[in-house]
Amino acid sequence: MAVAMSSTCPGLYCGKTLINGSLDGECGVCPRGQRTNIQKICEKCKESPELYDWLYLGFMAMLPLVLHWFFIEWYSGKKSSSALFQHITALFECGAAAVVTLLVNDPVGLLSIRSCGVQMLSDWYTMLYNPSPDYVTTLHCTQEAVFPLYTIVLIYYAFCLVFMMLLRPLLVKKIACGLGKSDRFKSIYAALYFFPILTVLQAVGGGLLYYAFPYIILVLSLVTLAVYMSASEIQSFKNLIAKKKRLVVLFSHWLLHAYGIISISRLDKLEQDLPLLALVPGPALFYLLTAKFTEPSRILSEGGNGH
C-alpha cells in the first residue's frame with residue numbers, strides 16, 4: 001500500500017523518505033547520500049564507486065596538480081634550483097588534500113567512499129528536472145543524485161587551496177632565492193586564478209566532463225607532447241635522451257596516454273583491452289620517425305630547388 005502511494009511522485013528525482021520505518025506521505029527531495037529507486041522511495045546508497053568513477057575522480061584530482069607544475073616551471077626559470085622543491089610540495093599538497101577529502105566523506109574516517117552511481121547525464125543536473133504537477137507549484141527535488149562525485153571534487157579543491165596557502169608561501173620565501181621578489185609568488189597567484197575556474201568548471205560542466213574526460217586526456221596529451229617535442233627541437237632518439245628532463249616529460253605523457261586508453265576501454269574485457277596499451281609509445285615514435293621529413297628549412301630548400 002505504501003509502495004503504491006509512493007509511485008505517485010512526479011519527476012525523475014522526487015521521492016518519499018522512510019522515517020522510523022514508516023513512509024513519509026509527501027514527495028520531496030531525498031536526503032544527501034540517498035536517491036530514489038523504481039518505487040520512488042529514497043534509498044541510502046551503499047555501493048562502491050566503479051572503476052570509471054575512480055578514474056574520473058583521478059582526472060579531476062590531477063588537474064590542479066598539473067596546473068601547479070606547469071606554472072611552477074613557467075615562472076621558476078631555467079636556472080632556478082627551487083623548482084624541484086616546489087614540484088614536490090605541490091604533489092604533497094594535492095596528495096594530502098585527497099587523503100583528507102576521503103576521510104571527511106561518508107563513511108567518515110575511512111579511505112573509502114560509497115556512491116549512488118551515475119545512470120544518465122541528467123543525474124548531474126537535477127535542478128533542471130524539478131516537476132510542476134499542476135503547472136503552478138514546483139516541487140524542488142534538487143539533490144546530488146551522483147553522490148558523492150559532484151561535491152567531493154569541490155571539497156578536494158578547497159583543501160588543495162588551504163594546504164597551498166599554508167605551505168607554499170613559506171617554502172617559496174625560504175628557497176626561491178634565485179628569483180626576484182615579484183616572481184617568487186607568481187605560481188601561487190596563478191593558482192588563485194585557476195582554482196575558481198576549476199570550481200566553476202566542475203559546478204557547471206561536471207556531467208559533461210564525466211563522459212568526455214578520457215577523450216580530453218588523449219587529445220591534450222597528444223597535442224602537448226607534440227608541442228613540447230617541437231619546441232625542444234627533438235628530431236631524433238639522440239636528442240630525446242640528451243636530457244633527463246625530456247625523458248621525464250615523455251614518460252609522463254605516456255602515463256597520460258595509458259590513463260586515457262584505460263578510461264575509454266574501462267577494462268571490461270581484459271584480453272581485448274590490455275593490448276591497446278601497446279599503442280602508448282606510438283605517437284612519440286611516429287613523431288621521431290617523421291620529424292626529419294617535415295622540418296621547415298628542408299621544405300623551403302627543396303621548394304627553392306624546384307623539387
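## Salt bridges

The structure holds five salt bridges, a salt bridge being a side-chain nitrogen of Lys or Arg within 4 Å of a carboxyl oxygen of Asp or Glu. Before we look at some of them, a word on the source: this is a predicted model, where local features need pLDDT of at least 70, side-chain atom pairs count only at pLDDT 80 or more, and totals for chains, interfaces and linings use all residues. Residues are numbered from 1 along each chain as its sequence is written, and side-chain values use heavy atoms, with hydrogens and water left out.

One of the salt bridges pairs Arg 35 with Asp 123, with 3.3 Å between the closest N and O atoms. This pair links distant parts of the chain, 88 residues apart: Arg 35 sits in strand β3, and Asp 123 in the loop between α3 and α4. (Helices, H or I with at least four residues, and strands, E with at least two, are DSSP runs numbered from the N terminus.) Are these two partners buried or exposed? Both Arg 35 and Asp 123 are buried. Here buried means under 20% relative accessible area, exposed means over 50%, and partly exposed is in between, using a 1.4 Å probe and protein chains only.

Another salt bridge brings together Lys 245 and Glu 73, at 2.8 Å from N to O. Lys 245 belongs to helix α7 (residues 244-265) and Glu 73 to helix α2, so this pair ties together parts that are 172 residues apart in sequence. Lys 245 has 46% relative accessibility, so it counts as partly exposed, and Glu 73, at 33%, counts as partly exposed too. Then there is the salt bridge between the side chains of Asp 106 and Arg 114, at 2.5 Å from N to O. Asp 106 is partly exposed at 27% relative accessibility, while Arg 114 counts as buried at 12%.

## Disulfides

A disulfide is a covalent bond between the sulfur atoms of two cysteines. How many turn up in a search of the whole structure? The search finds four disulfides, counting pairs of cysteine sulfur atoms within 2.5 Å. If you number the bonded cysteines of the protein chain in sequence order, they pair up as 1-3, 2-8, 4-5, 6-7.

Take Cys 14 and Cys 141, which are joined with 1.8 Å from S to S. The torsion about their S-S bond is about 105 degrees, so this disulfide is right-handed. Cys 14 is in the loop between α1 (2-6) and β1 (18-19), and Cys 141 is in the loop between α3 (83-104) and α4 (151-175), so the link ties together parts that are 127 residues apart in sequence. Both Cys 14 and Cys 141 are buried.

## Two more links

Cys 30 and Cys 42 also form a disulfide, with their sulfur atoms 2.0 Å apart. The torsion about this S-S bond is about -80 degrees, so the link is left-handed. Cys 30 lies in the loop between β2 (22-23) and β3 (34-36), and Cys 42 in strand β4 (residues 42-44), 12 residues apart. Cys 30 and Cys 42 are both buried.

Next come Cys 45 and Cys 116, a disulfide with 1.8 Å from S to S. The link of Cys 45 and Cys 116 is right-handed, with 95 degrees about the S-S bond. Cys 45 is in the loop between β4 and α2 (51-76) and Cys 116 in the loop between α3 and α4, so the pair ties together parts that are 71 residues apart in sequence. Cys 45 is buried, with a relative accessible area of 7%, and Cys 116 is buried at 9%.

Cys 94 is buried, with a relative accessible area of 5%, and Cys 160 is buried at 1%.

## A bent helix

Helix α5 (residues 186-231) has 46 residues, yet its end C-alpha atoms are only 23 Å apart, short of the 68 Å that a straight helix would reach at 1.5 Å a residue. The expected span is 1.5 Å times one less than the number of residues. Where does α5 bend by about 85 degrees? The bend is at Gly 205, taken as the angle between axes fitted to the seven residues ending there and the seven starting there. Just after α5, Glu 233 takes a positive phi of about 55 degrees.
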